[in-house]
Amino acid sequence: KFHSQGKIQEAAKLYQYFINQGFNDYRVFSNYGSILKSLKKLQEAELSTRKAIKIKPDFAEAHYNLGNILKDLDKLQEAEISYRKAIEINPDFADAYFNLGNLLKELGKLEEAELSYRKAIKINPNLAEAHYNLGNLLKELGKLQEAEISYRKAIEIKPDYAEVFWNLSLLELLQGDYKNGL
């Protein structure tokens, strides 16, 4: 209850108490790992999340969370494996595809990143951030018209998404559309 109310320190103490009392529930370790990540205690978060996975290996959310932790720890190859495992367990995990796309882009695997963003969008068409990141990637790949479509879709979903308007304006200027780009 503390965790859902944003009382992170209280929640952390309570989860630590449960663990010290011998609770061996994957949800305790997974939630504690999430709290530790939010407190920037990444090594401890990794250990707790790995414990949740050891208890329940088919818990997709824990693999996804571990991927986020490993990415923050700059263990990018391990993060990729964790995201892929989350997707293997739950093929409809849009956020896992989205974060995998972000990671693949960072690793320079642009075509794979594009596929991952597209899969996230197929699962959750209202994921504005996936449309935006796909637009950025398509722009980088020189697919300017497709990038424009992605940006416009992101704006349609989230009309106050300022970064998209900025990038759309830059894209329009790149395409020689000075009227709309300015």
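Biologist: Which residues in α5 meet which residues in α6?
Modeller: This is a predicted model. In it, L76, A79, E80, Y83, R84, A86 and I87 of α5 meet A96, Y97, N99, L100, L103, L104 and E106 of α6. By class, that contact has ten nonpolar, one polar and three charged residues.

Biologist: Thanks! At what angle do the axes of α5 and α6 cross?
Modeller: Roughly 155°, and the axes come within 9 Å. The cut-off for roughly antiparallel is over 145 degrees, so α5 and α6 are roughly antiparallel to each other.

Biologist: And is the crossing left-handed or right-handed?
Modeller: The crossing of α5 and α6 is left-handed.

Biologist: Switching topic: where is Y32, and is Y32 buried or exposed?
Modeller: Y32 sits in helix α2, which covers residues 26-38. Its relative accessible area is 9%, and under 20% counts as buried, so Y32 is buried.

Biologist: What is Y32 in contact with, leaving aside neighbours within four places in sequence?
Modeller: Those contacts are A12, Y15, Q16, I19 and S48. As for K13, its C-alpha is 9.3 Å from that of Y32, with the two residues 19 apart in sequence.

Biologist: Zooming out, how many helices and strands are there in the chain?
Modeller: Eleven helices and zero strands. The C-alpha trace spans about 65 × 30 × 25 Å along its principal axes.

Biologist: What share of the residues is buried?
Modeller: Buried residues make up 42% of the 182 in the protein chain. The accessible surface is about 10,100 Å², with 52% of that belonging to carbon and sulfur atoms.

Technical notes: Residues numbered from 1 in each chain as written. Predicted model: local features only at pLDDT ≥ 70, side-chain atom pairs only at ≥ 80, totals over all residues. Heavy atoms only, no water. Axes fitted to C-alpha atoms, helices over the stretch in contact; angles between N-to-C directions. Helix = DSSP H or I, 4+ residues; strand = E, 2+ residues; numbered from the N terminus. Parallel < 35°, antiparallel > 145°, perpendicular 65-115°, else oblique. Left-handed = near helix turned anticlockwise from the far one by under 90°. Contact = heavy atoms within 4.5 Å. Nonpolar A, V, L, I, M, F, W, Y, C, P; charged D, E, K, R; others polar. Buried < 20%, exposed > 50% of the residue type's maximum accessible area, 1.4 Å probe, protein only. Areas by Shrake-Rupley, 256 points an atom, 1.4 Å probe, with all protein chains shown as cover.
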